[in-house]
Structures are given as C-alpha cells and as structure tokens.
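Dear colleague,

Please find below the structure that I am handing over to you. My findings follow directly after it.

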Amino acid sequence: MSVKGMVIVLAVIFCATIVQGFPMFKGGRCLCIGPGVKAVKVADIEKATIIYPSNNCNKIEVIITLKAHKGQRCLNPKSKQANIIIKKIKRMNFLKYQDV
C-alpha cells in the first residue's frame, strides 16, 4: 500500500470517529412535531402522559391518548388545558408517594 493510500485510510477512520460523536438531529428526537393542539375534548381523553426534557428532546411534551382508538394528540404545553393536566398529574404523583 502506498503512502497516499495510507493517508486516505487514516483520514477516513479519523472522520468516522469524529462524526460518530455528533448528534444526528439538533433538536433531538421529540415525539411531538410542532407546537401541538391547544385543547382536546375532556370526554375523549383516555390517558395523559407528560414527558419532561431529556437528552433526546429539550422540551416538555404532553401526549394525550384518546378513547375509542382515535390515536394520540400532542397538547401544546403552554396552553391552559395542558397546564391544568400537568398540575393534576404532578398532584396525583405527589399523593401517590405520600401514602407509602
């Protein structure tokens, strides 16, 4: 193998190790794309899930699972309904650990 070939191989290996450390997506892998809906009919809510910021996604996500297999909706965490749901879930979690 020539010197030129060795330099190319070393350059490729060097670049591969550097690129491996970079994140693929700058914003991470959030489940909600966009701001989300402002409100959902309360009667249609089966379950509410809050996902707090992490290494994968740097924003709070409020995911609403709808009844009758209508899917999931992302609720805008800045909306009034989302704030009520977040407070309610935090309170339920707090009370759950108080009974122990």
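In the sheet, I51 stands opposite E61 in β2. Strands β1 and β2 pair in the antiparallel sense over six bridges, where two strands count as paired if DSSP finds at least two bridges between them. Helices (H or I, at least four residues) and strands (E, at least two) are DSSP runs, numbered from the N terminus.

Please note that this is a predicted model, in which local features need pLDDT of at least 70 and side-chain atom pairs count only at pLDDT 80 or more, while totals for chains, interfaces and linings use all residues. Residues are numbered from 1 along each chain as its sequence is written, and side-chain values use heavy atoms, with hydrogens and water left out.

The sheet is open and consists of three strands in the order β1-β2-β3, with antiparallel pairing. Its edge strands are β1 and β3, each of which pairs on one side only. On average, neighbouring strands are turned by 25° against each other, direction ignored; the axes are lines fitted to C-alpha atoms, for helices over the stretch in contact, and angles run from 0 to 180 degrees between N-to-C directions.

The largest nonpolar core has 11 residues, namely V40, I45, I50, V62, I64, L66, L75, A82, I85, I86 and I89. Such a core is a set of buried Ala, Val, Leu, Ile, Met, Phe, Trp, Tyr and Cys residues joined through side-chain atoms within 4.5 Å. Buried here means under 20% relative accessible area, exposed means over 50%, and partly exposed lies in between (1.4 Å probe, protein chains only). At least two residues of the core come from each of β1, β2 and α2, and α2 gives the most, with four. One member, I64, is in contact (heavy atoms within 4.5 Å) with V40, I45, K47, A48, G71, Q72, R73, L75 and I85, leaving aside its neighbours within four places in sequence.

Q81 lies in helix α2 (residues 80–98) and is buried, at a relative accessible area of 14%. Its side chain reaches the backbone nitrogen of V40 at 2.6 Å. This is a polar contact, that is, a pair of N or O atoms within 3.5 Å; within protein, one must be able to donate a hydrogen and the other to accept it, and residues adjacent in sequence count only if both atoms are side-chain atoms. Not counting residues up to four places away in sequence, Q81 touches K38, A39, V40, V42, I45 and L75.

As to the cysteines, there are two disulfides, a disulfide being a pair of cysteine sulfur atoms within 2.5 Å. C30 and C57 form one of them, with their sulfur atoms 1.9 Å apart. This link is right-handed, with 95° about the S-S bond. It joins distant parts of the chain, 27 residues apart: C30 is in the loop between α1 (3–20) and β1 (45–51), and C57 is in the loop between β1 and β2 (61–66). C30 is partly exposed at 23% relative accessibility, whereas C57 is buried at 5%.

A disulfide also joins C32 to C74, S to S 2.1 Å. The torsion about its S-S bond is about -90°, so this disulfide is left-handed. C32, in the loop between α1 and β1, and C74, in strand β3 (residues 72–75), are 42 residues apart. C32 is buried, with a relative accessible area of 6%. With the bonded cysteines numbered in sequence order, the pairing is 1-3, 2-4.

Yours sincerely
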